[in-house]
Amino acid sequence: MEAQNAQRRSYQVVIAATRDMGIGIDMKLPWDLPNEYQFFQDVTSRTSDPRKRNATIMGRKSWEATPLEFRPLPGRLNVVLTRSNCHSIPTDDDNVMVCGSMESALELLGKPPYSFSIEKVFFIGGGELLRQYMNAPSCDAIHLTEVDISVPCDTFAPRVDTCLYRPWYSSLPVVENGIRYSFNTYVRRKDLISGSGLEAEQYSFLPKIVFERHEELGYLNLVQQIISHGDLNDNNTLLSKFGCQLRFNLRKTFPLLKTKKVLWVGVVEEILQLISGSTYPREKGINHIWESDEAKEYLDSFGVEATEEDGDHPLLTGLYWRHSDASQELSQISDVINKIKNNPHDRGITLSACKLSLSSCQTFAQFYVANGELSCQIYQSSTEASLGIPFSIAAYSLLTCIIAHVCDVAAGDFIHLIGDAHVNTSHTKAIQKQLQISPKPFPILKINPEKTKIEHVEASDLDLLDV
Ligand SMILES: NC(=O)c1ccc[n+]([C@@H]2O[C@H](COP(=O)([O-])OP(=O)(O)OC[C@H]3O[C@@H](n4cnc5c(N)ncnc54)[C@H](OP(=O)(O)O)[C@@H]3O)[C@@H](O)[C@H]2O)c1
């Protein structure tokens, strides 16, 4: 019995559902979304080993709901679950296997020849089976296309249980045939995942096209680009790239990078201090990012030292945010909040620190409201890539989330434009090591709903879950 359990396969769910988790009506899908269907095809068909194929497990009714010309789903082993002797399912087709239960299907797939020939197992519905197996222990991940519509349905999937799963990736919203939707992947919480601890830790079980969409990889690629192809300065001390862009989705998760240690407490204190309009972080006993004990310890652990060229005055802009024009005592932050609340389509919702002649400051932030969501883009003229960029991503994402919260809109995207992104040449070996680390799910930010005025938000109102 123990040997059999050891062979049983785990699976990943792939479905699309409306806001109410509707997945079907009259044995059909309630939408026509060719690109969504293409994603389903790509996730369930692609393998990393060309000699293998994937298996798709489905209920008998979902099999029958698949148009004749598309079934069996090509290039995959179609496993159909039924408790009856169902004649509509061909038994003489190598691409089709009929099983009397999910357990027997997973056991069969775990034994030769399938244990060698099947790479991944996907469970694709429908509703009756999802209710039984979407939250079962053998499910490692759920790929859910969230279709932002409310239409009549007669078949429903359960909601993703957030006690069991956490978001891995959420695409930016796509619009097709007038319907807005996004691709989302939830992974089983690390301590609950089946299989070997190492695999679970690395999330390598996810389909490559999903794994590679993790936003932290965009940052890691940028750092790799700087190290591999950056321009070397005259003193051979800096490698840099000019004109870089990173984008983070703030809708479900918070981009506190995991392959770098980002000092969350420092991020919170710095942003709250800037909101307060204070002129210099040390006034309240907050150290410069490079001077904090934790930052020193972190760099020490890689045997490197921060130098002046790593960046200075990263967020010394509070005075200008609060008082951009000394004569008028205009508070830029109040102006931003006022515009978002009362004139959200204003094309100039900006925070500027351009009057500061600092060598590496965040010179400009612009806010944008669409579909009830607040996005923010910053332009940073120069920054160090190893610690400075992760810190700025967290700081400005936090600012965006706080402003969205007090304006009663959802947080959308954070876009980071960087003029000169550089690394210190003496740090490259240590950074190369860090580039080997695989990304992990981002945490989730919760802001105290009782705080509705920006000046009342305190560190204790900002809760970062699943860090
Ligand atoms: N949006 C999406 O991503 C998506 C995905 C798939 C399907 N759908 C939609 O969902 C609908 C079909 O779903 P549905 O809930 O009606 O049916 P279903 O879950 O696909 O199939 C139900 C059938 O599966 C068999 N079954 C159920 N539990 C079983 C178990 N524990 N062991 C063995 N067999 C079991 C039974 O077949 P027997 O009666 O033969 O015993 C049962 O009648 C269609 O409208 C389809 O278009 C949507």
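How many of the 7 residues of β3 are buried? Residues are numbered from 1 along each chain as its sequence is written. The model is predicted, and local features are described where pLDDT is at least 70, side-chain atom pairs count only at pLDDT 80 or more, and totals for chains, interfaces and linings use all residues.

In β3, 7 of the 7 residues are buried, so this strand is largely enclosed by the rest of the structure. Here a residue is called buried if 20 or more other C-beta atoms lie within 10 Å of its own, exposed if 12 or fewer do, and partly exposed in between, with the C-beta atoms placed from the backbone. Across the chain of 467 residues, 40% count as buried. The chain has 15 helices and 19 strands, where helices (H or I, at least four residues) and strands (E, at least two) are DSSP runs numbered from the N terminus.

The partners of β3 come next, and two strands are said to pair if DSSP finds at least two bridges between them. Strand β6, residues 118–123, runs parallel to β3 and is joined to it by 4 bridges, with Ala 55 standing opposite Val 121 in β6. Strand β4, residues 76–81, also pairs with β3 in the parallel sense, over 6 bridges, and here Met 58 stands opposite Val 80 in β4. Together, β3, α3 and β4 make a right-handed β-α-β unit; right-handed describes a crossover in which, with the strands pointing away from the viewer, the path from the first strand over the helix to the second runs clockwise.

The ligand brings β3 and α3 back into view. Of the 29 residues around the ligand, Gly 24, Gly 59, Gly 125, Gly 126 and Gly 127 come nearest, where a residue is near a molecule if its C-beta atom, placed from the backbone, lies within 6 Å of it. The elements that give two or more residues to this shell are β1 (11–17), β2 (22–24), β3 (53–59), α3 (60–65) and α6 (127–133).

Another group of strands gathers around β11, residues 179–188, which is joined by 7 bridges to the antiparallel strand β7, residues 139–147; in this pair Glu 146 stands opposite Ser 182. Strand β9, residues 165–170, runs antiparallel to β11 with 5 bridges between them, and Ser 170 stands opposite Asn 184. Strand β10, residues 174–176, pairs with β11 in the antiparallel sense over 3 bridges, and the hairpin of β10 and β11 has 2 residues between the strands, with Asn 177 taking a positive phi near 50°.

Leu 172 lies in the loop between β9 and β10, and it counts as partly exposed because it has 13 C-beta neighbours inside 10 Å. Leaving aside its neighbours within four places in sequence, Leu 172 is in contact with Asn 249 and Asp 413, where contact means that the C-beta atoms of two residues, placed from the backbone, lie within 7 Å.

Finally, helix α14, residues 388–406, has 19 residues and reaches 27 Å from its first C-alpha to its last, close to the 27 Å expected at 1.5 Å a residue, the expected span being 1.5 Å times one less than the number of residues. This helix is mostly covered, since 18 of its 19 residues are buried, and just after α14, Asp 408 takes a positive phi of about 60°.
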